[in-house]
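Please read them with the coordinates open beside you.

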Amino acid sequence: FSASGIITFKNSSDLQETFRSIPLDRLLIETDSPYLAPVPNRGKKNEPSFVKYTAEKLAEIKNISSKNLIDATTANFNKLFF
């Protein structure tokens, strides 16, 4: 499952709840560039550097540190693509 900037939107509580229940070893993060920039850049053209906001929000949703989330999603990426 891949989280995009949508999970940072105020009205995405159902989506946030869904991601809360997905096991950490099944998660990825994506930019969805050039669309759907995460808060605080909502409404702007999305770019890869904004993925940090999605990661921070997903870490908050999962109640873990950003570092743990980034480590896990990086490992998941490597398992999937390498």
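Predicted model: local features only at pLDDT ≥ 70, side-chain atom pairs only at ≥ 80, totals over all residues.

1. The bond from Ser 33 to Pro 34 is cis, with omega near 10°, and Pro 34 has its place in the loop between β2 and α2. The bond from Val 39 to Pro 40 is also cis, with omega near 20°, and Pro 40 is likewise found in the loop between β2 and α2.

2. On helix packing, two packed helices are described by the angle between their axes and the distance between the axes. Helix α1, residues 13-21, packs against helix α2, residues 51-62, at an angle of about 70°, with the axes 9 Å apart. Angles of 65 to 115 degrees count as roughly perpendicular, and α1 and α2 are therefore roughly perpendicular to each other. The crossing of α1 past α2 is right-handed. On the α1 side the contact is made by Gln 16, Phe 19, Arg 20 and Ser 21, and on the α2 side by Lys 57, Leu 58, Ile 61 and Lys 62. By class, this contact of α1 with α2 has 3 nonpolar, 2 polar and 3 charged residues.

3. The packing of α2 with α3 has an angle of about 105°, and here the axes are 9 Å apart, which makes α2 roughly perpendicular to α3. From α2, the residues Ala 55, Glu 56, Leu 58 and Ala 59 meet Ser 66, Leu 69 and Ile 70 of α3. By class, the contact of α2 with α3 has 5 nonpolar residues, 1 polar and 1 charged.

4. The last point concerns the largest pocket, which holds about 150 Å³ of space. Its lining is formed by Leu 28, Ile 29, Val 51, Ala 55, Ile 70, Thr 73, Thr 74 and Phe 77. At least two lining residues are supplied by each of β2 (28-29), α2 and α3 (66-81), and α3 gives the largest share, 4 residues. By class, the lining of this pocket has 6 nonpolar and 2 polar residues, with no charged residues. Ala 55 of α2 and Ile 70 of α3 take part in the contact of these two helices and are also among the residues that line the pocket.

How values were computed: Residues numbered from 1 in each chain as written. Heavy atoms only, no water. Axes fitted to C-alpha atoms, helices over the stretch in contact; angles between N-to-C directions. Parallel < 35°, antiparallel > 145°, perpendicular 65-115°, else oblique. Left-handed = near helix turned anticlockwise from the far one by under 90°. Contact = heavy atoms within 4.5 Å. Nonpolar A, V, L, I, M, F, W, Y, C, P; charged D, E, K, R; others polar. 1 Å grid on protein atoms, 1.4 Å probe; cavity = no way out; pocket = protein on both sides within 12 Å on 5 of 7 lines; lining within 4 Å. Points joined across faces, edges and corners; volume = space filled by probe spheres on them.
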